[in-house]
Amino acid sequence: MIQIKELHKSYRMGSNSLHVLKGINLDIKEGEFVSIMGSSGSGKSTLLNIIGMLDEADKGSYVLDNVPIKNLSEKKAAIYRNKFLGFIFQSFNLINYKDAAENVALPLYYQGISRKIRKEKALYYLEKVGLADWAHHLPSELSGGQKQRVAIARALASEPKVLLADEPTGALDTKTSYEVMDFLQGINDEGKTILVVTHEEDIAHMTKRIVMLKDGVIEQDKFVEQVRASEHV
Ligand code: ADP
Ligand code: MG
């Protein structure tokens with residue numbers, strides 16, 4: 001699903017340059033549930049944004065579902081982004097004056113989907129995240145965990161091939177964090193490929209594979225069972 005080879009990314013600020021990704025190689029198959037871990041500033045979001053086609057690498061190759069992602073026009077990039085990718089953010093990014101159902105339906109509007117289908121899909125996905133009764137509540141009337149579930153429903157409504165989540169539990173308490181991760185596990189069980197960026201070890205352990213970023217490269221890449229086995233030696 002995702003094939004990354006020798007990816008490099010630097011940020012330039014005036015005459016200074018910060019080399020953040022220094023040759024990343026990463027292969028993710030359809031149906032995997034992967035976490036990208038690393039300390040603050042290690043480049044997790046930079047990598048996720050490149051995978052999410054929100055940013056471009058300086059060097060290296062990236063193939064998403066057999067499509068080489070390079071030098072795409074803005075228009076083509078937007079089409080692929082909508083078709084392939086769903087995003088979940090730490091701060092939920094819901095629109096405050098729209099209710100849960102309208103928030104879920106909004107990306108579908110930009111994809112030119114009819115009002116009737118938008119409404120059906122919004123209600124279907126809200127039900128899927130256990131929020132059918134909250135469809136007509138505003139974000140301000142929802143708890144943090146509920147807001148993140150609305151955001152998950154919104155990401156799922158476009159039926160993306162890959163779900164990308166940048167610190168999805170970063171704004172939630174521990175119990176709610178585990179609930180959201182349980183939720184993502186359920187979605188992965190149904191076959192969805194999911195990538196989660198986190199700096200929290202216990203959150204990463206709720207995925208199936210942990211990729212550790214350090215000093216611009218992948219320091220470790222292991223399935224969670226392997227990590228657990230090595231911890232119990
Ligand atoms: P993480 O998500 O692991 O905390 P980031 O990918 O956000 O790390 O950032 C990696 C490094 O790149 C940090 O040192 C950060 O300050 C820097 N950085 C991130 N985005 C930009 C940007 N747009 N311009 C300049 N520097 C940036
Ligand atoms: Mg980050």
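This is a predicted model: local features need pLDDT of at least 70, side-chain atom pairs count only at pLDDT 80 or more; totals for chains, interfaces and linings use all residues.
User: How many residues of the shell around ligand 1 are nonpolar, polar and charged?
Analyst: The shell around ligand 1 splits into four nonpolar, seven polar and one charged. Here Ala, Val, Leu, Ile, Met, Phe, Trp, Tyr, Cys and Pro count as nonpolar, Asp, Glu, Lys and Arg as charged, and the others, Gly among them, as polar. Residues are numbered from 1 along each chain as its sequence is written, while chains are lettered from A and ligands numbered from 1 in the order in which they are written.

User: OK, which residues are around ligand 1?
Analyst: Tyr-11, Met-13, Leu-18, Val-20, Gly-38, Ser-40, Gly-41, Ser-42, Gly-43, Lys-44, Ser-45 and Thr-46. To be in that shell, a residue needs its C-beta atom, placed from the backbone, within 6 Å of the ligand.

User: And which elements give two or more residues to it?
Analyst: Strand S1 (2-13), strand S2 (16-28) and helix H1 (44-51). The largest share, three residues, comes from H1. Helices (H or I, at least four residues) and strands (E, at least two) are DSSP runs, numbered from the N terminus.

User: S1 and S2, what sheet are they in?
Analyst: An open, antiparallel one of four strands, in the order S2-S1-S4-S5. S2 and strand S5 (67-68) are its edges, each pairing on one side only. Strands pair if DSSP finds at least two bridges between them. S1 and S2 are joined by 10 bridges, and Lys-9 stands opposite Leu-21 in S2.

User: Switching topic, what's the order in the six-stranded sheet?
Analyst: S6-S7-S8-S3-S9-S10, open and with mixed pairing. The edges are strand S6 (85-89) and strand S10 (217-223). Twist averages 15 degrees from one strand to the next; axes are lines fitted to C-alpha atoms, for helices over the stretch in contact, and angles run from 0 to 180 degrees between N-to-C directions.

User: Which helices pack on that sheet?
Analyst: H1 is one of them: it touches S3, strand S7 (162-166), S8 and strand S9 (209-214), with its direction at about 155 degrees to that of S8. Helix H5 (residues 144-157) also packs there, touching S6 and S7, at about 170 degrees to S6. Contact here is two C-beta atoms, placed from the backbone, within 7 Å.

User: Back to S8, how many bridges join it to S3?
Analyst: Five, between S3 (residues 33-37) and S8 (residues 193-198), running parallel. Phe-33 has Ile-194 as its bridge partner, and Ser-35 stands opposite Val-196. S7 also runs parallel to S8, joined by five bridges, with Asp-166 partnered to Val-197.

User: So is S8 mostly covered or uncovered?
Analyst: Mostly covered, with six of its six residues buried. Thr-193, Leu-195 and Val-197 are on one side, and Ile-194, Val-196 and Thr-198 on the other. A residue is buried if 20 or more other C-beta atoms lie within 10 Å of its own, exposed if 12 or fewer, and partly exposed in between, with C-beta atoms placed from the backbone.

User: Zooming out, how many helices and strands are there in the chain?
Analyst: Eight helices and 10 strands. The radius of gyration is 18 Å, close to the 17 Å from the globule rule for 233 residues, so the chain is as compact as a globular protein of that length. That radius is taken over C-alpha atoms, and the rule is 2.2 Å times the number of residues to the power 0.38.
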